Amino acid sequence: METNSGALDLQGRRALVTGAGAGIGKATAIRLAAAGAHVTVLDLNVDTATQVADEIGGAPMSCDLSDLDSIDRLDPRIDILVNNAGLQVVAPIHEFPVDKFHLILTVMLEAPFRLVRRALPHMYENKFGRVVNISSIHGLRASPFKSAYVTAKHGLEGLSKVTALEGAEHGVTSNCINPAYVRTALVEGQIADQAKANNLDAEQVVSQVMLQRAAIKRLIEPEEVAELVAYLCGPAGTFITGASLPIDGGWTAH
């Protein structure tokens, strides 16, 4: 019987990673390129996209994912799609800026839908595709003051599952990865916002808010998330689809 074990070899595969100029996206682009994939490094910031692409021998692409029509102009020849780009605004619902709510849902939910829609015909034709959605523990649990982010991530969970069901017969898998707090610039910004919202200092935010529910009391490194992305794209991940895979240090064990 053929097994699914084996080294990760993505030679000949074309990957698109959004928000790949820093953090989880950058670590993922580096990991997939190390396995042989040709990676398009998509980021709002052209300078950081170019820096990462130069480092891994990939292709930089500057794209504002809030401009949904721009997605329809992307090269559809995508074998591996990693929906990672995101942003965060922390505020109580009654004070939440409505324009920011719209922006977050556009970038973090509707843009992934457009990207999946763009990539699937090529994946179906080749009987191979990997969609990895960088969701969040907030795709599974809610927290105060993050109405837009939690809403977007819950929606992304649903999109991922529907993609898995539709894509299975075509050799396409779709999964969510659900990290708790990762050591990224986005989280650094959240620390300041949470400190203001909760009247705490930065150290108290990390220990009392961010790590309160986790059994393992540390932030996650971006490379740990990237390694799970790689696993899902490799031969051992062929039967994993429609799943939500926490990297949360025991948060959801409660």
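1. A residue is called buried here when its relative accessible area is under 20%. With a relative accessibility of 1%, T18 therefore counts as buried. Please keep in mind, as you follow along, that this is a predicted model.

2. Let's stay with T18 for a moment. This residue belongs to strand β1, which covers residues 14-18. Setting aside neighbours within four places in sequence, T18 touches G25, L42, L65, V82, N83, N84, A85 and L115.

3. N83 sits in strand β4, residues 80-83. Is N83 buried or exposed? Its relative accessible area is 3%, so N83 is buried.

4. What does the side chain of N83 make a polar contact with? The partner is the side chain of N133, at 2.9 Å.

5. Now to the nonpolar residues. The largest nonpolar core holds 40 residues, and L32, V39 and V41 have the most contacts inside it. Another core lies apart from that one, with 27 residues that include L16, V107, A119 and V172. As general background, nonpolar side chains in soluble globular proteins tend to be buried together.

6. Leaving out neighbours within four places in sequence, V39 is in contact with A15, V17, A29, L32, A33, I56, G58 and A59. L32, one of these partners, is also listed with V39 and V41 for the most contacts inside the largest core.

Terms used
Residues are numbered from 1 along each chain as its sequence is written. This is a predicted model: local features need pLDDT of at least 70, side-chain atom pairs count only at pLDDT 80 or more; totals for chains, interfaces and linings use all residues. Side-chain values use heavy atoms; hydrogens and water are left out. Helices (H or I, at least four residues) and strands (E, at least two) are DSSP runs, numbered from the N terminus. Buried means under 20% relative accessible area, exposed over 50%, partly exposed in between (1.4 Å probe, protein chains only). Contact means heavy atoms within 4.5 Å. A nonpolar core is a set of buried Ala, Val, Leu, Ile, Met, Phe, Trp, Tyr and Cys residues joined through side-chain atoms within 4.5 Å. A polar contact is a pair of N or O atoms within 3.5 Å; within protein, one must be able to donate a hydrogen and the other to accept it, and residues adjacent in sequence count only if both atoms are side-chain atoms.
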